[in-house]
Amino acid sequence: MVFPYTPANIANLESSHSPERLAPYYALAGGDKELGLKLYAWNSALSQALYTPLQALEVTLRNGIGSRLQATYGAQWFDLNPGPALHYPLPDMLLKARTELGKRGIMADHGRIVAELTWGFWTGILAKRYEPLWRSDLRHVFQSAGPLTRNAVFMPLDDLRRLRNRIAHHEPILNRNIAADYAAILDLIRLISPTSAAWVDDQSQVMAALANRP
C-alpha cells in the first residue's frame with residue numbers, strides 16, 4: 001500500500017510530529033511538504049540502518065580497551081586510585097558507573113563496568129590529556145600497518161559520538177556525508193577487529209538505505 005499524501009494526512013502528520021520537527025525537512029525539500037515528509041522517513045531509515053554499525057563500534061571499542069586495562073592493571077582496574085604513574089582516565093565517570101550499579105544492587109566487576117560506561121568514556125580515554133596512557137597501553141588495542149596516532153582514532157570517534165547522539169535524539173542527519181560516516185565506522189572497527197568489520201559490513205543495510213533517497 002502506498003501512503004496517500006493528501007492535505008488532510010499531511011496536516012495530521014504535522015500535528016502528531018510537530019511543525020518544528022518537520023521544518024528542517026520541508027526546508028530541504030524547498031517547501032514541498034510531501035517530499036519533506038519522505039525525507040523525514042528517509043532520515044529515520046538511515047538512522048535505523050546506522051544504529052547496528054554504531055553499536056558494533058561501541059561494543060568492539062569498549063571490549064578492546066577494557067580488556068587492555070584489565071590485562072595491564074588487573075581485574076579491579078576500575079577501583080584503582082588516580083596516580084601520576086597510571087595517568088588514570090575519567091575517574092568521575094568510573095565512580096558514576098559503580099554508583100549506578102550499586103543502586104541496582106549489582107556488584108561491580110569488569111564486565112558490568114565495561115557495559116555501564118558510556119561512549120563518552122571510551123572516547124574520552126583517547127583524548128589528548130591521556131596521551132601517556134595511549135603510548136603505554138591503548139595504542140596496542142588498535143592494529144595498523146603503519147604508525148597510528150591517538151588523534152587519528154580520537155577525532156573520528158568523537159565525531160561519530162555526535163552522530164550517535166543525533167540519532168538517539170531523533171534529529172536530522174541528512175546534512176552529513178553518511179557514506180563517509182559508514183566508512184569511518186568500518187575503518188575504526190577494522191583497527192580493532194578486521195573480522196568484526198567484515199561481519200558488520202556483510203549485515204549492514206546502510207548502503208541500501210542510502211540508495212532509497214526520495
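Visitor: Before we start, what counts as a pocket here?
Guide: A pocket is an open set of grid points with protein on both sides within 12 Å along at least five of seven lines. The model itself is predicted.

Visitor: How much space lies in the largest pocket?
Guide: About 170 Å³.

Visitor: Which elements give two or more residues to its lining?
Guide: Helix H3 (33-73) and helix H8 (150-168). The largest share, 6 residues, comes from H3.

Visitor: And which residues line the largest pocket?
Guide: Tyr51, Leu54, Gln55, Glu58, Val59, Arg62, Arg164, Ile167 and Ala168.

Visitor: How do they divide into nonpolar, polar and charged?
Guide: The lining has 5 nonpolar residues, 1 polar and 3 charged.

Visitor: Staying with H3, is Ser47 buried or exposed?
Guide: Ser47, which sits in helix H3, counts as buried because its relative accessibility is 10%, and the cut-off for buried is under 20%.

Visitor: What does Ser47 touch?
Guide: Leaving aside residues up to four places away in sequence, Ser47 touches Ile167 and Ile173.

Visitor: Change of topic. How many residues has helix H9?
Guide: Helix H9 covers residues 178-192, which is 15 residues. From first C-alpha to last, H9 reaches 22 Å, close to the 21 Å expected at 1.5 Å a residue.

Visitor: Which residues of H9 are buried?
Guide: Ile178, Asp181, Tyr182, Ile185, Leu186, Leu188, Ile189, Leu191 and Ile192.

Visitor: What do those pack against?
Guide: The buried residues of H9 pack against H3, H8, helix H10 (194-203) and helix H11 (206-211).

Visitor: Where is His170?
Guide: His170 is in the loop between H8 and H9. Its phi is positive, about 60°, although His170 is not a glycine.

Visitor: Buried or exposed?
Guide: His170 counts as exposed because its relative accessibility is 55%, and exposed means over 50%.

Visitor: What about Ser18, what is its phi?
Guide: Phi of Ser18 is near 85°, again a positive value in a residue other than glycine. Ser18 lies in the loop between helix H1 (7-17) and helix H2 (19-28). At 23% relative accessibility, Ser18 counts as partly exposed.

Visitor: Last topic, aromatics. How many aromatic pairs are there in the whole structure?
Guide: A search finds 5. One of them is formed by Phe121 and Trp122 and is edge-to-face, at 4.8 Å centre to centre with 85° between the planes.

Visitor: Are Phe121 and Trp122 buried or exposed?
Guide: Both Phe121 and Trp122 are buried.

How values were computed: Residues numbered from 1 in each chain as written. Predicted model: local features only at pLDDT ≥ 70, side-chain atom pairs only at ≥ 80, totals over all residues. Heavy atoms only, no water. 1 Å grid on protein atoms, 1.4 Å probe; cavity = no way out; pocket = protein on both sides within 12 Å on 5 of 7 lines; lining within 4 Å. Points joined across faces, edges and corners; volume = space filled by probe spheres on them. Helix = DSSP H or I, 4+ residues; strand = E, 2+ residues; numbered from the N terminus. Nonpolar A, V, L, I, M, F, W, Y, C, P; charged D, E, K, R; others polar. Phe/Tyr/Trp six-rings, centres within 6.5 Å; stacked < 30°, edge-to-face > 60°. Buried < 20%, exposed > 50% of the residue type's maximum accessible area, 1.4 Å probe, protein only. Expected span 1.5 Å × (residues − 1). Contact = heavy atoms within 4.5 Å.
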